[in-house]
Amino acid sequence: MKYQQGMLRQIKGYRNFILLLIGAGSRFNFGCNPEENSGLQKVSLSFCQAKANILLVLVIALAPSVIVIAQQNAHSQKADASPSNPLQLWYNRPATYWQEALPLGNATTGAMVFGGIDTARYQLNDHNLWSGEPVDGNNPNGPILLPKIRKLIFEGRYDSAAALYRKMQGPYSARYLPLADLWLYSCGQEQLNGENATNYFRALDLTTAESHIRYKLGGVNFKRTCFISYPDQVMVIRITADKSKSINLKIGLSSLLRNTLQVHGENKRTATLLLRGKAPSYVANRPYEKKQVVYDRPKNAPDPFGGRGMTFSVLVGVTTSGGQIRHSDSTLEVTNTDTLTIYLTEATSYNGFDKSPSLKGLDDEKIARTRMMAAQKKGYATLRVRHLRDYQNLFSRVHFWLGDGSSMKENPGVMGKKAGHATTKTKYSRAAYPNGLPTDLRLKNFASNPSDHKLQVLYYQYGRYLLIASSRPGSLPANLQGIWNDMVQPPWGSNYTTNINTEMNYWLAENTNLSECATPLFDFIHALAKNGAKTAKVNYGIHQGWLAHHNSDAWAKTSPTGGYDKDPKGTPRWSAWVMAGAWLSTHLWEHYLFTGDQAFLRQQAYPVMRGAAAFLLSWLVKDPKTGYLVTNPSTSPENTVKIKGKEYELTLGSTMDMSIIRAIFTDVIKAAALLEMDQPFAERLKQVRAKLYPFHIGRNGQLQEWYGDWDNPSDKHRHISHLFGLYPGAQITPNATPLLAGAARETLRERGDVSTGWSMAWKVNWWARLKDGEHAYKILLDAFRYIDPASSKAEMSGGGTYPNLFDAHPPFQIDGNFGATAGITEMLLQSHDGVISLLPALPTEWQQGYIKGIKARGNFELDIYWANATLSRAKIKSNLGGHCRIWTSVPVKIVDQQGHNLLPTKNTDNKIQQPLFNWFGNQGKPPLVVSKKHKDPEVIKELAAIPMEQVNKASDTANHLVKGYYTDFETSRGGIYQVVPL
């Protein structure tokens, strides 16, 4: 608000100045008075009017620039980064390790900013830069082998089935690659060694998506600001000093991939560097493969950039104020300048998932040059204003506050006096850090100071920032590392792992009000549907619908991975999973539920959802033992089943498989009803859904993961895929399915809390869905375990957080960041079961706070406030109108915009006029079988006897049922309603 008021004051000031000039011109004719020169009256009047018109045109022409300057000045005042900014990661030393550097991005160009003084590194990525070219990897052996594999599994010969399935596997996915590195080397005044710098400050400001670096060296204060613009597709670095002629730098580019470098010095004030590169046609998945990084042409060939694989270009443009620019064969040298602006544009020849980048690729150099010309023409001030306007339109939708928990509690540690280098052991004290601790020290300190609620808020908003920076319309979706990667052979190829990780990347998109950021995922699903239809035919002989397996890449790979049967580590426990297409398709339905966009549902979502369901209709087979329909072969992603002391990879009818099928069938049935189309297909889905293998509760009271009661209570595997129905699905809820909810709770207890980073994020969401805010919060605290990037891999075991707040699997996987933000939102707002639940899993530690701007299904936007860990008020904006049902822990009344108390309404027939309704509605609860060997059958019997109409009373025999109050009321489109506790 202060920023907006300041900008308005400056714009008004410039506007008044312009009006003063115009007024002066009209009164004084700009120095001409024809009445005093009667003999030349007509000529003088005409001449004076001409001058007036010229000045008026100039004023009007300059007005936008004046406004831009005003905006720039106001933004500069706001973004004068300091440790007191609560939405800022900041550090008192440069980054040494990649996991200490700070990420910037516009969903195409990514940068990791290290912030060095003598040598500053900006490690760069392009979201589209991958190895290889489109290769479907489909295996025509499948239709011959599949019946044999199914027969073996029905006979219980699981090992033989797994061995045979390896012959159905295909190649591994392509690898996501690093682009280049931009280097800034200090030169001149060699005596000013960076280690002598003082007042060092390095930050990432989440409110502006900018990095800031400040330090004092040789009596001069230096500043560096960097941002990457989405609207203008350019990275910009502005370097200033408070003493003239103090900036002396060499600028260079390098790449881990094959490249050439050209330097052009246009004049003393501007110059460019051009790096042209070639991506390899193949990068190995395993370190023991004979060929690791393969280019089609030898390096010394006449055309080393020929053959398969992308080309790419990185262009650096430099402009200065004062001083001069010289160049060598590989660098630009800037000397004695007052202000330095560096523009960086880049592009690849990637032209879509189905086109060869070498034969039908884009002209990457032309694209980079076009972007550079446009950026330099606009200039720094305009680019920054456009960047801020674009970014803040997304980021500023949600505001989160958890009180003033301390971030400055004293604790033993290490603090340096010069540029943050560790020199003496001391205490983190208010004297040393008057505005709070640096982010890495706060993270280290968190175990003994879990009341640092501001760090939790920062982490939450960091997840939203990372999604904006890695996924925007027109880009590929965020991969395992978002868009940031510094390795040619990154962990798991930094690909799309679609048995959980890709989906988790987008759990926060809808409920944290970033729906636009999910667009790349939807585009990717359409690409998968096209390729997946071919995989269904070639690999499985199924001519209806489409599927995808557990790994994909920029080429929308849908075939199973595993290295055919050549890789000894290729294993069916992950390669044989065929459910990715169906799971991803549920995101399309969720987008509709949150937005109510029927055009999207009809034109984009439904055809793809229908195709995923159609494949599964053909994939299901009848189980000769039970008569139910099951999947065969089946896995529970990446886990193995232990039966009578022996371990197996493949079985039939895993709980995750059946849950996803039940979900996509239900989505398509409901979508067809809403769109009033395709009813014969929907009826067929209903008939098949009734025959699906049901949920089972095992002998230990757990939700069974497998077809049989084979779960091992000591199994601590990171994947708990059989709880899909609890989250992100909605088949299991404490109110509608108390038995299943209790079984899910038992499963979570058996698996434990601490695991890999992304797994703990999923657990936060599960416990939130069980309305257990204390347990969700406990796991969230565990996720704040500091992971030192200097430690060995063994020392990093177990999930946590790196110094730059990247999630540690370890290694880094961005899904943990996204999943945690989604989980915190789920603790504060839920809407998956036809009810908008306010503060359904609020932990007592969060005594006071608010969250504003988050979304519920039905396109409701909410602001929620609480005090003493209890709802104090809420505001609901109904973007679509229609019926609204809320749950609160205290009785409330609803007040409309006119201040009238609304009378509660009944919604007995569940016919809601906007897209917010129970998953199963009139179809009833999902089927359930309880083991006769259950450890406490009396409890099961007692729970089963509770009538659903008594759920609100929360029977003492079912203490996991949720107490509270339900309120129904009608809303109008655009209406705003206050929820007021009685």
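This is a predicted model: local features need pLDDT of at least 70, side-chain atom pairs count only at pLDDT 80 or more; totals for chains, interfaces and linings use all residues.
Reader: What makes the approach of Arg-857 to Glu-590 a polar contact?

Author: The distance between the two side chains is 2.6 Å. A polar contact is a pair of N or O atoms within 3.5 Å, one able to donate a hydrogen and the other to accept it. The pair of Arg-857 and Glu-590 is listed as such a contact. The side chain of Arg-857 also makes a polar contact with the side chain of Ser-831, at 2.9 Å.

Reader: Is Leu-359 buried or exposed, and how do you know?

Author: Its relative accessibility is 74%. Exposed means over 50%, so Leu-359 counts as exposed. Leu-359 is in the loop between β18 (339-348) and α5 (364-395). The C-alpha atom of Leu-359 is separated by 8.8 Å from that of Gly-307, and the two residues are 52 apart along the chain.

Reader: Why is β18 said to be largely enclosed by the rest of the structure?

Author: Of the 10 residues of β18, 9 are buried, so the strand is described as largely enclosed.

Reader: How do you know that β15 and β18 pair, and in which sense?

Author: Two strands pair if there are at least two bridges between them. Strand β15 (residues 311-321) and β18 have 10 bridges, so they meet that condition, and their sense is antiparallel. Within this pairing, Thr-319 stands opposite Thr-341 in β18. Strand β9 (residues 234-241) also pairs with β18 in the antiparallel sense, over 6 bridges. There the bridge partner of Ile-239 is Leu-340 in β18.

Reader: What makes β2 and β16 edge strands of the open sheet?

Author: The open sheet has 7 strands in the order β2-β3-β4-β5-β10-β17-β16, with antiparallel pairing. β2 (102-105) and β16 (324-327) each have a single partner strand, so one side of each is left without a neighbour in the sheet. Neighbouring strands of this sheet are turned by 20° against each other on average, direction ignored.

Reader: How do you know that β3 and β4 pair within that sheet?

Author: Again at least two bridges are needed. Strand β3 (residues 109-113) and strand β4 (residues 119-126) have 5, so they count as paired, in the antiparallel sense. Gly-110 stands opposite Asn-125 in β4. Further along, 6 bridges join β4 to strand β5 (residues 180-186), and these run antiparallel. In that pair Gln-123 stands opposite Asp-181 in β5. Another 6 bridges join β5 to strand β10 (residues 247-254), also antiparallel. Here Ser-186 stands opposite Leu-249 in β10.

Reader: Why is the span of α13 called close to the expected one?

Author: Helix α13 (residues 598-619) has 22 residues, and at 1.5 Å a residue the expected span is 32 Å. The helix reaches 29 Å from its first C-alpha to its last, which is close to that figure.

Reader: Where is α13 kinked?

Author: A kink of about 50° lies at Ala-605, shortly before the proline Pro-607. At the start of α13, a side-chain oxygen of Asp-597 reaches to within 3.2 Å of the backbone nitrogen of Ala-599.

Key
Residues are numbered from 1 along each chain as its sequence is written. Side-chain values use heavy atoms; hydrogens and water are left out. Helices (H or I, at least four residues) and strands (E, at least two) are DSSP runs, numbered from the N terminus. The expected span of a helix is 1.5 Å times one less than its number of residues. The bend at a residue is the angle between axes fitted to the seven residues ending there and the seven starting there. Buried means under 20% relative accessible area, exposed over 50%, partly exposed in between (1.4 Å probe, protein chains only). Axes are lines fitted to C-alpha atoms, for helices over the stretch in contact, and angles run from 0 to 180 degrees between N-to-C directions.
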